Amino acid sequence: MKRYQTLICFSLLSALIAFGAEAQKEEKKFPKAPDWTLKDINGVEVKLSELLKNGPVYMECWDLPCVNCIAQLDALVPVYDSLKERGLQIVALSVDKPSDEARVRSFVKSKKWPYIVVLDQQQKVKKAYNIIIKPTAVLINTKGEIVFTHIGYKKGDEKRIADEIGKWLPEKAEEEKGDSTEGEKGGSQ
């Protein structure tokens, strides 16, 4: 009898813990992303809060000497192509020096990245987001909250990044689900 009471108590305790964890997950607060306005490589002003009206923003901090930054931005092209219709926007935040602006512009054109590439030559945005290591990327939801941070890059990370981004995008229409890509299998890590 005592064994059954212990088992029942343990079951109730487990259910309460699970319920509490789920309630806590739903109430999770995310840090607010500092808004910014920067010029892109074509000299056009880009404002984060305006971009967020169209969907979440995945922003990666990079510069020309950072091989892993460039590898990650290259690897994200298929992710972007598969998720852009659902509202994904990728911003490549260049923190190269003002004297490198022409090199950045030329490099980006040679890469044919489909992203918005903005110039943070004074590194104000980099500092506002407390970015120390490159590449560092943040996913900002449409509420302007930082919901995911990815630091560093190794081949294959794009799958995990795509999964995380997918959580913050509206679901695809039923007829489009047959066209899913590798990075859209849903779920989390």
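The buried residues of helix α3 (residues 67-75) are covered by elements that include β3 (57-62), α4 (77-83), β4, α5, β7 (146-151) and α7 (157-166), where contact means heavy atoms within 4.5 Å. In α3 these buried residues are Cys69, Ile70, Gln72, Leu73 and Ala75. Buried stands for under 20% relative accessible area, exposed for over 50% and partly exposed for what lies in between (1.4 Å probe, protein chains only). Helices (H or I, at least four residues) and strands (E, at least two) are DSSP runs, numbered from the N terminus.

The model is predicted: local features need pLDDT of at least 70, side-chain atom pairs count only at pLDDT 80 or more, and totals for chains, interfaces and linings use all residues. Residues are numbered from 1 along each chain as its sequence is written, and side-chain values use heavy atoms, with hydrogens and water left out.

Strands β4 (residues 89-94) and β5 (residues 116-119) pair in the parallel sense over 4 bridges; pairing requires at least two DSSP bridges between two strands. The link between β4 and β5 runs through helix α5 (residues 101-111), as a right-handed β-α-β crossover. Right-handed means that, with the strands pointing away from the viewer, the path from the first strand over the helix to the second runs clockwise.

The whole structure holds 6 aromatic pairs. Rings of Phe, Tyr and Trp (its six-membered ring) pair if their centres lie within 6.5 Å; planes under 30 degrees apart are stacked, over 60 edge-to-face, the rest tilted. Trp113 and Tyr115 form a tilted pair, with ring centres 6.2 Å apart and planes at 35 degrees. Ring pairs join Trp62, Tyr80, Phe107, Trp113 and Tyr115 in a cluster.

| Residue | Relative accessibility |
|---|---|
| Trp113 | 7%, buried |
| Tyr115 | 7%, buried |
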